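Student: I've got a model open and I'd like to talk it through with you, helix by helix. Can we go question by question?

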Amino acid sequence: MTAHELHTDNDLFRAIANGDEKAFETLFHQYRNKVYTIAWKITGSEAVAEEIVLDVFLKVWLKRAQLPELQYFTAWLFTITRNRVFKTLKQLAQQATSHAISDQEEWLLPAVASSSERLLEKEYRQILHDAVSRLSPQQQKVYQLIKEHGMKREEAARVLNLSPETVKRHLAEAMHFIRTYCSYHLGTYATLLLIKELL
């Protein structure tokens with residue numbers, strides 16, 4: 001079913017519940033600005049608001065089977081958004097009051113701005129490790145060669161006896177999975193804070 005054939009919200013919701021990604025994309029574009037506006041007004045951060053948008057719609061996708069039964073989708077979406085925003089604010093507050101890690105552990109971590117960020121980075125590294133362990137064997141090899149060993153795509157392709165385009169595809173799929181996994185398990189703000197350094 002194409003977006004043009006989805007004449008009503010009910011059609012859209014049924015299509016999404018059946019796993020139609022094009023229908024989900026239509027829903028995302030219809031409502032992303034509303035979610036973003038709420039998140040931005042409360043957090044005051046464009047970057048955090050963007051991450052909240054992605055996290056909210058990830059949750060919508062995970063709960064897509066409920067969509068055809070909803071009477072008030074906008075209210076349901078607002079509730080998910082509100083809960084996600086408040087969870088993010090709570091995480092920020094917890095980060096601000098986190099205890100410093102011990103001197104014995106501190107030298108193991110690279111220098112970052114604050115003790116709360118060191119704690120986040122340590123937690124993130126474990127979740128990142130878990131995410132990588134869940135990749136397919138080929139994706140793991142590509143990720144490790146390029147992201148952990150610093151190889152260029154062409155070098156990794158030669159080592160793995162693959163075409164550069166195949167390596168590019170494996171890396172893109174691996175990165176998408178890792179970002180989604182980390183965002184879901186750690187929270188959007190922490191992922192936003194650390195993903196550029198660790199990926």
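Student: Which residues in α7 and α8 meet each other?

Tutor: Quick caveat before that: this is a predicted model, so local features need pLDDT of at least 70, side-chain atom pairs count only at pLDDT 80 or more, and totals for chains, interfaces and linings use all residues. Residues are numbered from 1 along each chain as its sequence is written, and side-chain values use heavy atoms, with hydrogens and water left out. Helices here are DSSP runs (H or I, at least four residues; for strands, E, at least two), numbered from the N terminus, and contact means heavy atoms within 4.5 Å. On that basis, R153, A156, V159 and L160 in α8 meet Q138, K141, V142, L145 and I146 in α7.

Student: How many residues of each class does the contact of α7 with α8 have?

Tutor: Ala, Val, Leu, Ile, Met, Phe, Trp, Tyr, Cys and Pro count as nonpolar, Asp, Glu, Lys and Arg as charged, and the others, Gly among them, as polar. Sorted that way, the contact of α7 with α8 has 6 nonpolar, 1 polar and 2 charged residues.

Student: At what angle do α7 and α8 pack?

Tutor: Axes are lines fitted to C-alpha atoms, for helices over the stretch in contact, and angles run from 0 to 180 degrees between N-to-C directions. Under 35 degrees counts as roughly parallel, over 145 as roughly antiparallel, 65 to 115 as roughly perpendicular and the rest as oblique. α7 and α8 are therefore oblique to each other. Their axes are 10 Å apart, and the packing angle is about 135 degrees.

Student: Which residues of α8 are buried?

Tutor: Buried means under 20% relative accessible area, exposed over 50%, and partly exposed in between (1.4 Å probe, protein chains only). α8 covers residues 153-160, and its buried residues are A156, A157 and L160.

Student: Why do the buried residues of α8 line one face of the helix?

Tutor: An α-helix has 3.6 residues a turn, so residues three or four places apart point the same way. On the other side of α8, R158 and V159 are exposed. Going by the directions from the helix axis to the C-beta atoms, the buried residues of α8 line one face because they fall within an arc of 105 degrees.

Student: Which residues does L160 touch, not counting those up to four places away in sequence?

Tutor: L160 lies in helix α8 and is buried, with a relative accessible area of 18%. K141 sits 19 residues away along the chain, yet its C-alpha atom is separated from that of L160 by 8.2 Å. With the sequence neighbours set aside, L160 touches Q138, K141, V142 and L145.

Student: What phi does N161 have?

Tutor: Most residues other than glycine have a negative phi, and most peptide bonds are trans. N161 is found in the loop between α8 and α9, and is exposed with a relative accessible area of 71%. Although N161 is not a glycine, its phi is positive, at about 60 degrees.

Student: Back in α7, is Q144 buried, partly exposed or exposed?

Tutor: Q144 is found in helix α7, and touches V132 and H149, not counting residues up to four places away in sequence. The C-alpha atoms of Q144 and V132 are separated by 8.8 Å. With a relative accessible area of 27%, Q144 is partly exposed.

Student: What is the handedness of the crossing of α2 and α3?

Tutor: A crossing is left-handed if the near helix is turned anticlockwise from the far one by less than a right angle, and right-handed if clockwise. α2 (residues 21-43) and α3 (residues 46-62) pack at about 140 degrees, with axes 8 Å apart. The crossing of α2 and α3 is right-handed.

Student: And in what kind of crossing does α1 pass α2?

Tutor: The axes of α1 (residues 9-17) and α2 come within 8 Å and cross at roughly 125 degrees. α1 and α2 are therefore oblique to each other. The crossing in which α1 passes α2 is left-handed.

Student: Zooming out, how many helices and strands does the protein chain have?

Tutor: Of the 199 residues of the protein chain, 40% count as buried. From the N terminus on, the elements run α-α-α-α-α-α-α-α-α-α. The secondary structure comes to 10 helices and 0 strands.
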